[in-house]
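Here is a short briefing for a first look. Start with the sequence and the model below.

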Amino acid sequence: MSSPNELSPKSPQESAVETRHIVLPNDANHYGTAFGGAIMSWIDLIAAMAAQRHSGREAVTVSIDRINFITPIQIGDHVNLKAMVNYVGTTSMEVGVQVNRENPYTGEMVRATTAYLSFVALDENKKPASVPPLKLETDLEKRRFAEGKMRIEMAKEFAAKIKASRKIL
């Protein structure tokens, strides 16, 4: 496994991905709103693309760390998804995804969903591989990196607490 210091840093913008979908009836429930599972699938796909672009390797989902459904998305709405690497470790990356619903007739955009996913890069033998460090250029990128680091640390602490509580019971 190569050292992250040997890899050239990449900015979050270099691996950012944006895509669009339209919500069709088969993507929706009987209320006429998009299934959470359909939105989650689109989120996982675009996040994987951002992770692959950043790492230059195969990258697989380790976890969906947080997903917030803020506003329902209706049949016929356009869905705009944006993904960007927020934080990197040695072999892992946190990718943030913002989902906006757009009225196709007025162009009005509303935040509908946000999500944070963790990925690990894999080498040719399907073993964890080093990822390039992030080149943080803006205050927003620095804030996202710091928040991503906090989320990763909190997840590790939570996992340790759960493991310890299982020994007690």
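Across which strands does helix α2 lie? Helix α2 (residues 36-55) lies across β1, β2, β3, β4 and β5. Its direction is at about 45° to β3. Keep in mind that this is a predicted model.

**The sheet**
- Five strands form an open sheet in the order β1-β3-β4-β5-β2, with antiparallel pairing.
- β1 (17-22) and β2 (58-69) stand at the edges with a single partner strand each, so one side of each has no neighbour in the sheet.
- Neighbouring strands are turned by 25° against each other on average, direction ignored.
- Strands of a sheet pair through backbone hydrogen bonds.

**From β3 to β4**
- β3 covers residues 78-88 and β4 covers 92-102.
- A hairpin of three residues joins β3 to β4.
- The two strands run antiparallel and share ten bridges.
- Lys82 stands opposite Gln98 in β4.
- Eight of the eleven residues of β4 are buried, so the rest of the structure largely encloses this strand.

- β4 and β5 pair antiparallel over eleven bridges.
- Val95 stands opposite Leu117 in β5.
- Six residues lie between the strands in the hairpin of β4 and β5, where Gly107 takes a positive phi near 80°.
- β5 (residues 109-122) also runs antiparallel to β2, joined by ten bridges.
- Asn68 has Thr114 in β5 as its bridge partner.

**A further helix**
- Helix α3 (residues 139-168) lies across β3, β4 and β5.
- Helix α3 runs at about 75° to β3.

Key. Residues numbered from 1 in each chain as written. Predicted model: local features only at pLDDT ≥ 70, side-chain atom pairs only at ≥ 80, totals over all residues. Heavy atoms only, no water. Pairing = 2+ DSSP bridges. Helix = DSSP H or I, 4+ residues; strand = E, 2+ residues; numbered from the N terminus. Axes fitted to C-alpha atoms, helices over the stretch in contact; angles between N-to-C directions. Contact = heavy atoms within 4.5 Å. Buried < 20%, exposed > 50% of the residue type's maximum accessible area, 1.4 Å probe, protein only.
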